[in-house]
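Welcome! Please take a moment to look over the sequence and the fold shown here, and then we will walk through some of the details together.

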Amino acid sequence: CLAWGSASAQGAYPNHPISLVVPFAAGGPTDVVARSLGASMAKTLGQSIIIENRTGAGGTLASQHVARAAPDGYTFLIHHNGMATAPALYRKLSFNPLTDFAYVGQVADVPMTLLGRKDLPADGMAGFIKYAKENGNKVNLANAGLGAVSQLCGMLLQESLGVQFTTVPYAGTAPAMTALLGGQVDVLCDQTTQTIPQIKGERVKLYGVTTLDRIKALPDAPTLQEGGLKGFEVKVWHGVYAPKGTPPEAIAKFNAALRAALKDPAFSQKMAELGAEIVPESKQTPEGLQTWLQSEVDKWGGVIRNVGVYAD
Ligand code: MLT
């Protein structure tokens, strides 16, 4: 425990390992970003960063845990768009993303990919659309629960195709990917930070990317927009949070380590290979994250209320 401001403790932070909470399963896309970010930040902080996977309820259990954790500079959360969609998706949410956290900064933006199991009898986007319309709820769509970006992407996909698949939720897209590889589910929309190795290994069928433009890491992959879903766009962004009341000195040190990691070639090259793009410096700040979160709460709140999905 630290005595902030006392002469003996000054400059002592951090003096023991820091916990970085990941809301989804180990080995999945958020975990991949967190582990590689944590390894780089630890070099600057001189303390290790322990990744804690706290899964459940589409990421909201992890957020709740961090909102209630001691604000001592030793617990942080990395989360994606799910932080902004939760208030619209969950009627009873035990935390408020806009008032219960201190903000550290944003990390990287990640495209998603629409995948089918290797032996799905549908080729190319035109084949996929036809198959989806003909088979409707016989198609099993994996996701990581309400609040996961795989759910968000799947929701927009069904909405734009005018179909209703059967949804199969997992504790993260790592187990969802295992199910896709094993043929237990048919379709998964997931981030390139997990899917690129599977796509390159030809273990899945790739239908397209969810960005409006093609991406460097998969130059031959068409966008879903090219495939006929006009305006279809989902981009995943990541923010780092702390419990509200965390000492500003700890936030400043953690932020400086975050910014150093975003310049560290060991981190940025790995992100580039996995299709992720480091955010510009203006977004790497507490203010940059806070402003962005507010705009995303507004944007996705509207989209989700239009579709009408939510949980109690
Ligand atoms: C994960 O890390 O498993 C994913 O980010 C879950 C998701 O949001 O689809």
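Let us start with Gln-194, which touches Gly-27, Gly-28, Pro-29, Thr-173, Ala-174 and Met-177, not counting residues up to four places away in sequence; touching, or contact, means heavy atoms within 4.5 Å. Gln-194 has its place in helix H7 (residues 192-200), where helices (H or I, at least four residues) and strands (E, at least two) are DSSP runs numbered from the N terminus. With a relative accessible area of 9%, Gln-194 is buried. Here buried means under 20% relative accessible area, exposed means over 50%, and partly exposed lies in between (1.4 Å probe, protein chains only).

A word on the background: this is a predicted model, in which local features need pLDDT of at least 70, side-chain atom pairs count only at pLDDT 80 or more, and totals for chains, interfaces and linings use all residues. Residues are numbered from 1 along each chain as its sequence is written, and side-chain values use heavy atoms, with hydrogens and water left out.

The structure holds one cavity of 30 Å³ or more, and about 80 Å³ of space lies in the largest cavity. On a 1 Å grid over the protein atoms alone, a cavity is a set of points where a 1.4 Å probe fits but cannot get out, while a pocket is an open set with protein on both sides within 12 Å along at least five of seven lines; lining residues have an atom within 4 Å of a point. Grid points are joined across faces, edges and corners, and a volume is the space filled by probe spheres set on the points.

Of the 15 residues that line the largest cavity, Phe-24, Pro-29, Ala-144, Thr-173 and Gln-191 lie nearest its centre. Helix H1 (29-45), helix H5 (149-161), helix H6 (173-181) and strand E7 (187-191) each supply at least two residues of that lining.

The largest pocket has about 410 Å³ of space. Its lining has 19 residues, and Pro-111, Ile-215, Lys-216, Gly-275 and Glu-277 are the closest to its centre. Strand E4 gives the most to this lining, with three residues.

**Aromatic rings**

How many aromatic pairs does a search of the whole structure find? There are seven. Rings of Phe, Tyr and Trp (its six-membered ring) pair if their centres lie within 6.5 Å; planes under 30 degrees apart count as stacked, over 60 as edge-to-face and the rest as tilted. Here are two of the pairs:

| Pair | Centre distance | Plane angle | Type |
|---|---|---|---|
| Phe-76 and Phe-254 | 3.6 Å | 5° | stacked |
| Phe-128 and Tyr-207 | 4.8 Å | 40° | tilted |

Phe-76 lies in strand E3 (residues 75-79) and Phe-254 in helix H8 (residues 248-263), so this pair ties together parts that are 178 residues apart in sequence. Both Phe-76 and Phe-254 are buried. Phe-128 belongs to helix H4 (residues 124-135) and Tyr-207 to strand E8 (residues 204-209), so their pair joins parts that are 79 residues apart in sequence. Phe-128 is buried at 1% relative accessibility, and Tyr-207 is buried too, at 2%. Elsewhere, ring pairs link Phe-95, Phe-101, Tyr-103 and Tyr-241 into a cluster.

In helix H2 (residues 60-68), the buried residues include Thr-60, Ala-62, Ser-63 and Val-66. These cover an arc of only 155° around the axis, which puts them on the same side of H2; the arc is that of the directions from the helix axis to the C-beta atoms. The buried residues of H2 pack against strand E1 (18-22), E3, helix H3 (82-89), strand E4 (101-117) and strand E9 (235-243).

H3 is mostly covered, with seven of its eight residues buried. What covers them includes H2, E3, E4, H5, E9 and H10.

**Backbone details and the chain's later part**

Which peptide bond is cis? The bond from Tyr-13 to Pro-14 is cis, with omega near -5°, and Pro-14 is found in the segment before E1. Glu-202, although not a glycine, has a positive phi of about 55°; Glu-202 lies in the loop between H7 and E8 and is exposed, with a relative accessible area of 56%.

Finally, Val-309 is found in the segment after helix H10 (286-307) and is partly exposed at 24% relative accessible area. The C-alpha atoms of Val-309 and Tyr-90 are separated by 9.0 Å, although the two residues are 219 residues apart along the chain.
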